[in-house]
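Here is a short report for a reader meeting this structure for the first time. Please look over the sequence and the 3D view, then read on.

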Amino acid sequence: MGELTQACLQHTGRARAKGQSPDQIRDTFHQEFADVFCQLLLLARRYDVDLPREIERKWLAHER
């Protein structure tokens, strides 16, 4: 999560580029985003979290 935060800050211009081009910064941000997403999916699988059910309960229940 820390690496994603750093990449996000660079991507939005709120952290130094450290010699990286805008394309490199964007690519790193996308890769770190995917990394966090996949880690969350692995945790959900490991601990038997029913993601569709929990998304429904947490995010979509109030839309009705």
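## A residue to start from

Asp-35 has a relative accessible area of 36%, so this residue counts as partly exposed. Asp-35 is part of helix 2.

## Source and confidence

The model is predicted: local features need pLDDT of at least 70, side-chain atom pairs count only at pLDDT 80 or more, and totals for chains, interfaces and linings use all residues. Residues are numbered from 1 along each chain as its sequence is written, and side-chain values use heavy atoms, with hydrogens and water left out.

The predictor's confidence in each residue is its pLDDT, on a scale from 0 to 100. The protein averages 96, and 98% of the residues score at least 70. Confidence is highest in helix 2 (residues 22-46), at a mean of 98. Confidence is lowest in helix 3 (residues 51-60), at 94.

## Overall build

The protein has three helices and zero strands. Its pattern along the sequence is α-α-α. The radius of gyration is 16 Å, well over the 11 Å that the globule rule gives for 64 residues, so the protein is more spread out than a compact globule. That radius is taken over C-alpha atoms, and the rule is 2.2 Å times the number of residues to the power 0.38. Helices (H or I, at least four residues) and strands (E, at least two) are DSSP runs, numbered from the N terminus. The C-alpha trace spans about 45 × 30 × 15 Å along its principal axes.

## Surface and charge

Of the 64 residues, 12% count as buried. The accessible surface comes to about 5600 Å², and 57% of that belongs to carbon and sulfur atoms. Accessible areas come from the Shrake-Rupley method with a 1.4 Å probe; for residues, only the protein chains shown count as cover.

The protein has 10 positive and 10 negative charges, and their mean positions are 5 Å apart. Lys and Arg count as positive, Asp and Glu as negative; His and the chain ends are not counted. Each charge is placed at NZ of Lys, CZ of Arg, CG of Asp or CD of Glu.

## Inside helix 2

The structure holds one aromatic pair. Phe-29 and Phe-33 form this edge-to-face pair, at 6.2 Å centre to centre and 65° between the planes. Rings of Phe, Tyr and Trp (its six-membered ring) pair if their centres lie within 6.5 Å; planes under 30 degrees apart count as stacked, over 60 as edge-to-face and the rest as tilted. The two residues are separated by about one helical turn because they are four residues apart in helix 2. Phe-29 counts as buried, at 16% relative accessibility.

Ile-25 also belongs to helix 2. Its relative accessible area is 8%, so Ile-25 is buried. Ile-25 and Thr-12 are 13 residues apart in sequence and 9.5 Å apart in space, C-alpha to C-alpha.

## Two loop residues

Lys-18 sits in the loop between helix 1 (2-11) and helix 2. Its phi is near 55°, a positive value in a residue other than glycine. Lys-18 counts as exposed, at 56% relative accessibility.

Asp-48 is in the loop between helix 2 and helix 3. Phi of Asp-48 is near 55°, again positive in a residue other than glycine. With a relative accessible area of 70%, Asp-48 is exposed.

How values were computed: Buried < 20%, exposed > 50% of the residue type's maximum accessible area, 1.4 Å probe, protein only.
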